[in-house]
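Dear colleague,

Here is the structure, handed over to you with its sequence.

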Amino acid sequence: VLRRQGENELARAEFEQAGQMAPEDPKVRLALIDLALAENNTEQAISSLQQLLDEHPAHIPALSRYFDLMHRQELSDEGISRIRKGLNSQPDNLQLKILLAHAQLLTGKPEESIKLLVQENADKDLPVKYWDILGQSYLRSNKIKEAINHYDAWLEEHPHNLKAIMGKLFLLDIQNQFKQGLELSKEVMSRYPDDVRLLSVYTHFLLMTGDFEEGRKRFDTLPAKVKASP
């Protein structure tokens with residue numbers, strides 16, 4: 001709370017006191033690293049993160065921060081190397097696999113993300129992040145057939161997930177299946193009438209199916225910033 005209020009020195013004192021109470025807890029050290037980042041002390045933050053990861057190589061929040069910092073400095077491979085090291089220490093850790101797959105996706109290596117994630121047993125209770133990253137990886141690799149099967153399976157598991165629905169709508173659009181896209185987007189719009197993204201997509205499918213009158217009505221209800229976008 002103090003940090004969010006801009007009281008960084010008071011926040012630091014509290015974090016340091018917490019560190020004395022739990023010196024081995026990486027959460028406390030990560031909080032001090034976040035404080036350094038908030039003060040633009042990037043070099044200090046990177047050094048502290050490296051030290052933290054040397055001691056806790058599989059700590060996911062620290063790995064995520066480190067990759068983000070390296071990615072911004074165009075040193076993504078170094079960030080990925082740290083994640084791989086963490087995964088090597090815990091090869092069955094699904095969250096580490098998802099983090100590595102996300103990093104690979106962000107660095108333009110969706111094929112590697114696919115290889116990593118398809119190994120998982122589909123019967124497991126897989127987190128939404130898994131479904132999302134694997135779906136994006138299929139799309140960016142232009143593996144349309146695999147993407148269709150994946151998004152259908154995702155919707156079967158999580159029928160109300162908006163990311164899964166949007167992915168399915170995108171696939172219907174690129175296959176010119178505009179009628180099916182219209183039916184699905186209309187049904188979802190009835191459940192989420194205030195979602196501007198869905199309204200935009202529904203309007204698109206109205207136009208693609210030739211219902212220009214209704215499409216115009218829907219377009220007129222879009223916010224000005226959406227109308228002004230490409």
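K109 counts as partly exposed, at 28% relative accessibility (partly exposed lies between buried, under 20% relative accessible area, and exposed, over 50%, with a 1.4 Å probe and protein chains only). K109 forms a salt bridge with D77, with 3.4 Å between the closest N and O atoms (a salt bridge is a side-chain nitrogen of Lys or Arg within 4 Å of a carboxyl oxygen of Asp or Glu). This pair links distant parts of the chain, 32 residues apart: K109 is in the loop between helix 6 (94-106) and helix 7 (110-117), and D77 is in helix 5 (residues 76-89). D77 counts as exposed, at 55% relative accessibility.

The model is predicted: local features need pLDDT of at least 70 and side-chain atom pairs pLDDT 80 or more, while totals for chains, interfaces and linings use all residues. Residues are numbered from 1 along each chain as its sequence is written, and side-chain values use heavy atoms, leaving out hydrogens and water.

The structure holds 16 salt bridges. Another one joins the side chains of E39 and R12, at 2.6 Å from N to O. E39 lies in the loop between helix 2 (26-38) and helix 3 (42-55) and R12 in helix 1 (residues 8-21), so the pair ties together parts that are 27 residues apart in sequence. E39 is partly exposed, at 24% relative accessibility.

R218 and E214 also form a salt bridge, the closest N and O atoms being 3.2 Å apart. Both residues lie in helix 13 (residues 212-220), four residues apart, about one turn of the helix. R218 is partly exposed with a relative accessible area of 28%, and E214 is partly exposed with 24%. Salt bridges that share partners join E9, R12 and E39 into one network.

As for the whole chain, there are 14 helices and zero strands (DSSP runs, numbered from the N terminus: H or I of at least four residues for helices, E of at least two for strands). The radius of gyration is 22 Å, whereas a compact globule of 230 residues would have one near 17 Å (taken over C-alpha atoms; the globule rule is 2.2 Å times the number of residues to the power 0.38). The C-alpha atoms fill a box of roughly 65 × 40 × 30 Å along the principal axes. Of the 230 residues, 38% count as buried.

Regards
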